[in-house]
Amino acid sequence: MNQMYQQYAAQYAEAVKDNDYNAEFERPTTLAMLDNAIADLHGNKVLDIGCGSGEYIAELRARGATVTAMDISEQMVDLVQQRFAGDAKVSCYQNDAAQGLAQEQSGQYDLILSSLMVHYIEDQHALFAECARVLKPNGMLLMSTHNPVADAELSPSGNYFSRELLTVGSLMNGLVAPHRDSYILVTG
Ligand SMILES: C[S@@+](CC[C@H](N)C(=O)[O-])C[C@H]1O[C@@H](n2cnc3c(N)ncnc32)[C@H](O)[C@@H]1O
């Protein structure tokens, strides 16, 4: 399991509020795609997989959605439960998406949003199958991930087309977080 989002959950929560990568680049890009596809989420049920500290939950709630969120990190789940305490339209629980979405009924979500999480999943086919199961017919899946060009620089083999586990330190908010494990998405 990736330790970074457990040991440094609070620091991550602070960093993603206004940092360059998440707040200035990834979130605006992903939210622009969301707003182009479906601007008003009133009456919509949304599943946020790998919700982190809940930046997207806040965005989804601002657009009217009812949100179920999950994260593998109990610390992130705690942060979200505290942040949205009293909001009956947000629920959040601990779940390893690599093991599926067992607590979720089939055919219930209008949208699944999962930002910057899928690269931590080894068997992405299984996760996509689970997403298809819990989405309504014509439901939407919106995912973001690292650009594989950037990840390939960290590849032990140096082969852009290989699919391998990366284990490197990453600098976050002045802290070196030692366990950032992710899979290069490009398959050979
Ligand atoms: C880069 S953070 C993104 C958080 C949030 N989506 C955001 O954009 O601010 C990745 C999140 O995915 C979670 N995560 C990693 N592997 C996971 C898994 N197998 N199942 C569920 N969540 C996972 C981590 O704990 C972390 O909170």
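## What H6 packs against

In this predicted model, strands S1 (45–49), S4 (109–115) and S5 (135–144) are what the buried residues of helix H6 pack against.

Which residues of H6 are buried? Looking along the helix, which spans residues 124–134, you'll find Leu 127, Glu 130, Cys 131 and Val 134 on that list. They sit on the same side of H6, because the arc they cover around the axis is only 100°.

## The chain as a whole

Zooming out, the protein chain has 7 helices and 7 strands. Starting from the N terminus, the order of elements is α-α-α-β-α-β-α-β-β-α-β-α-β-β.

The protein chain runs to 188 residues, and 30% of them count as buried. As for contacts with a separation of 6 or more, 62% are between residues 24 or more positions apart.

## Around the ligand

Which residues come nearest to the ligand? Out of the 21 residues around the ligand, that would be Tyr 5, Gly 50, Gly 52, Ile 72 and Ala 97.

Sorted by class, the shell around the ligand is made up of 12 nonpolar residues, 6 polar ones and 3 charged ones.

Definitions and conventions
Residues are numbered from 1 along each chain as its sequence is written. This is a predicted model: local features need pLDDT of at least 70, side-chain atom pairs count only at pLDDT 80 or more; totals for chains, interfaces and linings use all residues. A residue is buried if 20 or more other C-beta atoms lie within 10 Å of its own, exposed if 12 or fewer, and partly exposed in between; C-beta atoms are placed from the backbone. Helices (H or I, at least four residues) and strands (E, at least two) are DSSP runs, numbered from the N terminus. The arc is that of the directions from the helix axis to the C-beta atoms. Two residues are in contact if their C-beta atoms, placed from the backbone, lie within 7 Å. A residue is near a molecule or strand if its C-beta atom, placed from the backbone, lies within 6 Å of it. Ala, Val, Leu, Ile, Met, Phe, Trp, Tyr, Cys and Pro count as nonpolar, Asp, Glu, Lys and Arg as charged, and the others, Gly among them, as polar.
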